[in-house]
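I opened my notebook to look up salt bridges. Here is what I went through, step by step.

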Amino acid sequence: MTSSPLHLNWQVGVGAATLLLASAAWAQAPDQQPASSDRPVLRQPTPSSAQQQEDGQGAAEKRETEADRKLREMDRRLARTLRSVCSGCER
């Protein structure tokens with residue numbers, strides 16, 4: 001069975017694309033460390049870290065409240081603009 005030059009070019013192209021995709025996937029993969037028994041044991045959260053998490057939740061609620069306020073203001077402005085545009089259409 002003989003290969004035509006076109007078929008050979010196609011095979012080389014497919015091989016190059018496969019190699020490129022495999023190297024990209026390998027580069028994106030996280031570094032794998034071998035499992036060892038001397039890994040440090042996970043620590044329990046300290047009271048200060050638990051307090052920081054609670055403070056973080058309070059800050060998140062404050063940001064949500066601020067975002068809600070901004071959204072209501074934008075909604076109010078849009079409604080006012082639409083009323084002014086639509087009131088001109090009714091005449």
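**Salt bridge notes**

I started with Arg76 and Glu73, whose side chains meet in a salt bridge at 2.5 Å, N to O. I noted that this is a predicted model.

I checked where the two sit. Arg76 and Glu73 are three residues apart in helix 2, so about one helical turn separates them.

Next I looked up accessibility. Arg76 has 41% relative accessibility and counts as partly exposed. Glu73 has a relative accessible area of 26%. Why is Glu73 partly exposed rather than buried? Buried means under 20% and exposed means over 50%, with partly exposed in between. Glu73, at 26%, is therefore partly exposed.

I then asked which other arginine meets Glu73. It is Arg77, with a salt bridge of 3.2 Å, N to O. Arg77 and Glu73 are four residues apart in helix 2, again about one helical turn. Arg77 is partly exposed too, with a relative accessible area of 48%.

I put these together. Glu73, Arg76 and Arg77 are linked in a network of salt bridges.

How many salt bridges does the whole structure hold? My search of the whole structure gave three.

I turned to Arg69 and Glu66. Their side chains meet in a salt bridge at 2.6 Å, N to O. Both residues lie in helix 2, which covers residues 47-89. They are three residues apart, about one turn of the helix.

Arg69 is partly exposed at 43% relative accessibility. Glu66 is partly exposed as well, with a relative accessible area of 33%.

Notes: Residues are numbered from 1 along each chain as its sequence is written. This is a predicted model: local features need pLDDT of at least 70, side-chain atom pairs count only at pLDDT 80 or more; totals for chains, interfaces and linings use all residues. Side-chain values use heavy atoms; hydrogens and water are left out. A salt bridge is a side-chain nitrogen of Lys or Arg within 4 Å of a carboxyl oxygen of Asp or Glu. Helices (H or I, at least four residues) and strands (E, at least two) are DSSP runs, numbered from the N terminus. Buried means under 20% relative accessible area, exposed over 50%, partly exposed in between (1.4 Å probe, protein chains only).
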